[in-house]
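Trainee: I've got a protein model open and I'm a bit lost. Can you show me how to read it?

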Amino acid sequence: MGDYDEAKQILLSITQKNPEHSEAWFELAFCYDLLEEFEESIRCYDTHLSLEPFDYEGWFNRGIVFSRIGLLTKAIDSYDYAITIKEKFFSAYYNKGNALAALGRLLDAVECYTDAITINNKDFQVWNNLGNVYEELSMYKEAIACFTKVISLNPEHTESYFSRGSCYESLEQYRKALGDYEKALSLNNTNVEFWLAKADTEFHLGRQRESLVSYNMILKLDPSHSEAWFSYGEALAEFGFHQEALKAYNQAIELTPEWSEPYYSRGKVLLLLQKFSEAKSSFHSSFLIDDSKKNLFNSDFPDLTDFIEILNLPIH
């Protein structure tokens, strides 16, 4: 950053000698931004824009600085000024869409990304961000179309394969989802999130051996991944490996003791193994963390009223 500090001093000298030097104020604002002195950067952009109010790049850069410090509404206002001055300003639409998405204004973000695409439909990142917003809106078919476009523009874009797979999974198109997860892993085989998605999908497809291998791979990459231990336990229990499932649930509980799911699932397996006292304790722990698990127990075991009374399980 030494060069920017030196440049800042030179530009400060210029603006002191000539306060009307708009270009110097612009460059000084840029230096402050790179030096992460954001308030000074905004002040300099404001001075520059008071001298050059129709400079769309100045408004755009001002918006970027506001975005960096989380003042997204002010950032959007700046991007709007830039767009008013330069109607077909792709980057302004793109960055405005990002700010809108971050604010949760998802439909507005869709409109903004769409405007950006009408200007430049070859930028894969805007297609990706539009797909992410559609996915968040549960508009999975639209999201899939966007991620497919990203892949056509950038076949090595790993996240788009994963995101498209997630959309296929949400639509219960598990084979297509698995294909995308496998492609994502072929590009990055150490990503735990990708492996977990693959394992869960293999589990849904009833592919016992493959899912267990995938869960084991996750635990080799990240032995402290409590969600993976829990999902591994669910698969083991489903496939009849009850003792191994209990070990997996215990690992999940040890790693995340405030999570109710492993206690509940462990209780179900212990009940199946007729270890009633241990099952009672596990269910009780689950209920203490999440009271709604009592209703789930009633739904899962509607015929166990006598058993409940014997154990005095606190489910009513």
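Trainee: Okay, how many residues does the largest nonpolar core have, and which have the most contacts inside it?

Mentor: Keep in mind that this is a predicted model. Its largest nonpolar core has 91 residues, and V126, I218, Y232 and F283 have the most contacts inside that core. Take Y232: leaving out residues up to four places away in sequence, Y232 touches L212, Y215, N216, L219 and A248.

Trainee: Which residues of α17 are buried?

Mentor: Here's the general idea: an α-helix has 3.6 residues a turn, so residues three or four places apart point the same way. In α17, the buried ones are A279, S282, F283, S286 and F287. Seen down the helix axis, they fall within an arc of 140 degrees, so they line one face of α17. Those buried residues pack against α16 and α18, while the face turned away carries the exposed S277 and L288.

Trainee: And what about salt bridges: how many does the count come to?

Mentor: Side chains of opposite charge can pair when their charged atoms come close. Here the count comes to 12 salt bridges. One of them joins E261 and K293, with the closest N and O atoms 2.9 Å apart. E261 sits in helix α16 and K293 in helix α18, so the pair ties together parts that are 32 residues apart in sequence.

Trainee: Are those two buried or partly exposed?

Mentor: E261 is partly exposed, at 28% relative accessibility, whereas K293 is buried, at 6%.

Key:
Residues are numbered from 1 along each chain as its sequence is written. This is a predicted model: local features need pLDDT of at least 70, side-chain atom pairs count only at pLDDT 80 or more; totals for chains, interfaces and linings use all residues. Side-chain values use heavy atoms; hydrogens and water are left out. A nonpolar core is a set of buried Ala, Val, Leu, Ile, Met, Phe, Trp, Tyr and Cys residues joined through side-chain atoms within 4.5 Å. Buried means under 20% relative accessible area, exposed over 50%, partly exposed in between (1.4 Å probe, protein chains only). Contact means heavy atoms within 4.5 Å. Helices (H or I, at least four residues) and strands (E, at least two) are DSSP runs, numbered from the N terminus. The arc is that of the directions from the helix axis to the C-beta atoms. A salt bridge is a side-chain nitrogen of Lys or Arg within 4 Å of a carboxyl oxygen of Asp or Glu.
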